[in-house]
Amino acid sequence: MDNVYVDKKHCCGCGVCAQICPVHAIKMVEDEEGFKYPKINPEICTDCGRCRKKCSASSEIKKVDSKFYAVRCKDEELLKKSTSGGAFSLIAKEVINEGGIICGAVFDENFKVKHILSEDISKMRKSKYVQSDIEDCFEKIENELSKGRKVLFSGTPCQCHSLKMLIGENENLITVSLICRGVHSPLLWEEYKNWLKGEDEIKSYDFRDKRRRNDAHTVAYTIGDKETAVTMNEDPLSRIYNKCLSYRPSCYECSYCSADNDFDFTIGDFWGIEKFKPEMYDGNGVSLVITHSEYAEKIIEKVKDEAIVYECSKEQAEQTALKEPAKESILRKLLFKDLVGSKNGEKIQLILKKYGQ
Ligand SMILES: Cc1cc2nc3c(=O)[nH]c(=O)nc-3n(C[C@H](O)[C@H](O)[C@H](O)COP(=O)(O)OP(=O)(O)OC[C@H]3O[C@@H](n4cnc5c(N)ncnc54)[C@H](O)[C@@H]3O)c2cc1C
């Protein structure tokens with residue numbers, strides 16, 4: 001077999017194919033844009049076809065009935081540490097109380113974004129708008145499930161679907177999908193960090209800081225001893241993200257832009273809550289929580305002591321990312337043409353100036 005995917009746009013880079021290949025003929029390799037794709041070693045491949053059968057692109061996610069909630073945790077400290085209304089932490093805590101373990105995205109020591117498994121969710125909080133590397137987490141999840149342990153996986157919808165394709169029916173697997181517009185290229189992020197830090201060290205980076213009570217539309221970072229906080233509108237990297245110029249090719253063909261995907265939960269920002277539930281809104285974030293399973297409904301009941309929960313209609317919860325994928329413009333092609341081959345952040349200033357204004 002030459003390739004797992006027919007078109008690059010069908011590959012979300014989850015790595016399931018590499019994990020299940022019985023002869024280890026597949027490796028995940030970064031392309032020139034910095035996104036990982038499977039590469040098959042033809043000398044080892046036996047053409048068994050398992051990789052294609054288990055690929056999430058080979059089957060659409062089922063659509064199910066859903067319920068819609070606005071959720072805001074009552075603990076103000078937890079709220080500040082969360083991107084939206086703290087729904088992820090509230091749900092994860094219940095699963096941990098049931099003896100489960102959580103898989104979510106963190107910054108590693110070099111601020112690379114990757115998934116880990118842990119009972120400590122503190123580093124998983126906060127959205128990192130870069131494609132997260134699953135590394136060997138799916139294998140570890142299989143291992144935990146085989147011991148009869150509950151596992152909550154939180155990630156982009158493509159990652160959640162891939163994991164469900166790998167595992168099949170298993171009542172101990174709980175999937176929490178983010179509403180997702182797209183993910184930045186890891187190469188763009190790497191080069192941006194190189195440029196930003198110069199000879200210094202990145203001490204912290206927050207894509208969605210809450211100090212201005214502006215729905216977390218502030219980017220805040222500390223380089224060496226210098227702290228910077230700017231609105232997303234003033235931040236060229238956020239502008240590139242908001243113009244959808246730096247996403248993985250599959251994001252522009254995303255088939256998960258729906259409120260009714262067959263996960264346990266879909267969570268995101270509750271944009272517009274101030275219009276019909278103003279008492280829940282103070283600029284510090286409210287979560288949109290969509291439940292798709294009985295288990296998720298039970299969790300919603302349980303979190304009611306620790307959160308303000310308001311059931312709403314599908315119409316009230318609507319947002320673009322639940323309806324259609326991001327549109328790819330010609331500027332995306334040009335941005336990556338400029339980025340390819342960049343080392344030590346050398347091309348970033350040009351890219352920020354050209355595309356981040
Ligand atoms: C790339 C991306 C795009 C998004 N786009 C939208 C959108 O268009 N509309 C919308 O309403 N919401 C979007 N969100 C979701 C939103 O930003 C919050 O992450 C979500 O509401 C959870 O907030 P919280 O307060 O419950 O959780 P938090 O405590 O802030 O938890 C964040 C959760 O996101 C996961 N996560 C963080 N970064 C990544 C990553 N790179 N890949 C996979 N998982 C990650 C963590 O594992 C954790 O579970 C997006 C998130 C990401 C990461």
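Me: Which element gives the largest share of the lining of the largest pocket?

Reply: Rolling a probe the size of a water molecule over the atoms shows where empty space is left. In this predicted model, α8 gives the largest share of the lining of the largest pocket, with four residues. The other elements giving two or more residues to that lining include α4, β4, β5 and β6.

Me: How much space lies in the largest pocket, and which lining residues are closest to its centre?

Reply: About 1000 Å³. Of its 48 lining residues, Ser 127, Tyr 129, Ile 179, Arg 208 and Asp 269 are the closest to the centre. By type, the lining splits into 20 nonpolar, 22 polar and six charged residues.

Me: Where does the ligand sit?

Reply: In that largest pocket. The shell around the ligand draws two or more residues from each of α4 (87-97), β4 (101-107), β5 (113-118), β6 (151-155) and β11 (265-269). Here β11 gives the largest share, three residues.

Me: How many residues surround the ligand, and which are the closest?

Reply: There are 38, and Thr 83, Ser 84, Ser 127, Lys 128 and Ser 154 are the closest. The shell holds 15 nonpolar, 17 polar and six charged residues.

Me: What should I look at for polar contacts?

Reply: Look for N or O pairs within 3.5 Å. A polar side-chain atom of Ser 84 is 2.6 Å from a ligand oxygen, while a polar backbone atom of Ala 105 lies 2.8 Å from an oxygen of the ligand. For Gly 268, a backbone N or O atom is 3.1 Å from a ligand oxygen. Taken alone, the ligand exposes 900 Å², and the protein buries 98% of that.

Definitions and conventions: Residues are numbered from 1 along each chain as its sequence is written. This is a predicted model: local features need pLDDT of at least 70, side-chain atom pairs count only at pLDDT 80 or more; totals for chains, interfaces and linings use all residues. Side-chain values use heavy atoms; hydrogens and water are left out. A residue is near a molecule or strand if one of its heavy atoms lies within 4 Å of it. A polar contact is a pair of N or O atoms within 3.5 Å; within protein, one must be able to donate a hydrogen and the other to accept it, and residues adjacent in sequence count only if both atoms are side-chain atoms. Accessible areas come from the Shrake-Rupley method with a 1.4 Å probe; for residues, only the protein chains shown count as cover. On a 1 Å grid over the protein atoms alone, a cavity is a set of points where a 1.4 Å probe fits but cannot get out, and a pocket is an open set with protein on both sides within 12 Å along at least five of seven lines; lining residues have an atom within 4 Å of a point. A molecule sits in a cavity or pocket if more than half of its atoms lie within 2 Å of its grid points. Ala, Val, Leu, Ile, Met, Phe, Trp, Tyr, Cys and Pro count as nonpolar, Asp, Glu, Lys and Arg as charged, and the others, Gly among them, as polar. Grid points are joined across faces, edges and corners, and a volume is the space filled by probe spheres set on the points.
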